[in-house]
Amino acid sequence: MNMNHMIMIAIGSIFLNNFVLSRFLGICPFVGVSKKLDSAVGMGMAVIFVMTLASFVTYLVYYYILVPYQLEYLNTIAFILTIAALVQFIEMFMKKNMPSLYSALGIFLPLITTNCAVLGVAILNIDTLWPDGSHYTFIESIWNGFTGGVGFTIALVIMAGIREKLELADLPESMKGLPIAFVTSALIAMAFLGFSGMKIM
Amino acid sequence: MDIGQILTALVWVGLLGAVFGAILAYASKVFAVEVDPKVEKISGILPQANCGACGFPGCSGYANAIVSSGAEINLCSPGGKEVANKIAEIMGVTAKESVPMVAYCACNGTKENAKNRFEYYGPKSCASAVFVSGGHKMCDYGCLGFGDCVEACPFGAMGMGENGLPYVIDEKCVGCGACVRACPKGVMKLMPRGAKVYLACNSNAKGKEVTDACVVGCIGCKICSLPKTTPSGAIKMDGDLPVVNYNIEDTLTGAKYKCPKGCFIDKGDRSKSADQIAAEKEAFKAEEAKAAEAAKKAALEKAADQKA
């Protein structure tokens, strides 16, 4: 395990290539579930959970099924299939064995079954190359999934905090609700652009 | 084109799908959670307004609470008696009578009636207005008039009047109490649907303070709570503000006509003309005078009897 790589992946996927604010993946829950801080945190936890597991499973599917049979070009459809089945399975498992966790995350799980951030992390795990031309290892993929989820959660929580305050702001009628949310997210994204000046390679 | 490659793709993706499908089908059997059929039945009966009047998160939450933790079955305010009875049938218990309620605004401080302490230019919501030294109205208890209650109403039963006070459309109101929770001043209150007269003031301040702030504020004179005015005892004083106990049936006409500030509002008067209302007031006064005279006479006769 290369410690340097791990740190780079963490900083990279939380700040530099934040899934929402730099890669523009997972915008749907970012706008849809950011009205209240509580549900934003719940959604964030669910995304961390699913992204980590999705990285785990898709890595195995890719390197042990798709690569040996030269089916790499089918990765998108295979990953969607895998992730959807996985999330469904986890939901059932949690409902039976971890009711408390289910009531905390349960309602968010079906929302992210086919979320593009989750599919995105799976594909990025496969596509990203280190400067020396090597791919992410198994552990690095899972770590990338986890930190990607953390980055998503941070963005979501910031957004929810701002939107809770915006509820009380005196806005023109036409800007209330989603319009101001879009403007806000654009401003946050611009702020996050500042991180791209960091050189970590 | 290599047919073999197409076949491998078909076989492997098909296999992947079949395996996942099989796992899910198996898992749905193994991890099946038994849901009490009663929960679904009750959910079906509840109005699905998800208003939260029962104190549980949504209608399904309430259905769950009834079955698993034995919550009262008459808490659904929109559904009322009908729903309570149906739930009672399913649960095999008898429903206690639940009184249908309607919301009302316990403030008559219209733009003309109530004075302002200062001009408020902030966001147009009571929740933020109340942050600026408790609101712009001189009265600390009154309605701020930005209509947070109107926005909170899930049934469209409220509106904002021209006079700066919210009004309740009784036919649409189900008494869920969403407006009561939304009001930062606690001006929105609930009363039984059958009752007609309510106290349209929320001020617990002393007389002088009230008269400075509002023309129609309750000054705490206690006249309405006197046994002479309300013999049934339905009105009790709580500090400087009377409280109506709707459990005691009373038309409250005494309080309505005798209140020097006219704080008691009769919903029945809404459909009457001004002349009619005035006539009724006269009639009440005349009757009152007659009764007073009769009492005087009786007292005199009694005194005469004692002398003799």
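A cavity, on a 1 Å grid over the protein atoms alone, is a set of points where a 1.4 Å probe fits but cannot get out. The structure holds five cavities of 30 Å³ or more, a volume being the space filled by probe spheres set on points joined across faces, edges and corners. This is a predicted model, in which local features need pLDDT of at least 70, side-chain atom pairs count only at pLDDT 80 or more, and totals for chains, interfaces and linings use all residues. Residues are numbered from 1 along each chain as its sequence is written, chains are lettered from A in the order in which they are written, and side-chain values use heavy atoms, without hydrogens and water.

The largest cavity contains about 110 Å³. Its lining (residues with an atom within 4 Å of a point) numbers 18 residues, with Cys107(B), Cys139(B), Gly142(B), Cys201(B) and Cys214(B) nearest the centre.

Let me turn to the interface. In contact, meaning heavy atoms within 4.5 Å, are 23 residues of chain B and 21 residues of chain A. The buried area, that is, accessible area (1.4 Å probe) lost on being put together and summed over both parts, is about 1800 Å², with 83% from carbon and sulfur atoms. Of the area that chain B buries against chain A, Trp12(B), Leu24(B) and Phe31(B) supply 32%, more than any other three residues. Between the two chains there are zero salt bridges (a side-chain nitrogen of Lys or Arg within 4 Å of a carboxyl oxygen of Asp or Glu).

How values were computed
1 Å grid on protein atoms, 1.4 Å probe; cavity = no way out; pocket = protein on both sides within 12 Å on 5 of 7 lines; lining within 4 Å. Buried area = accessible area lost by both parts, 1.4 Å probe.
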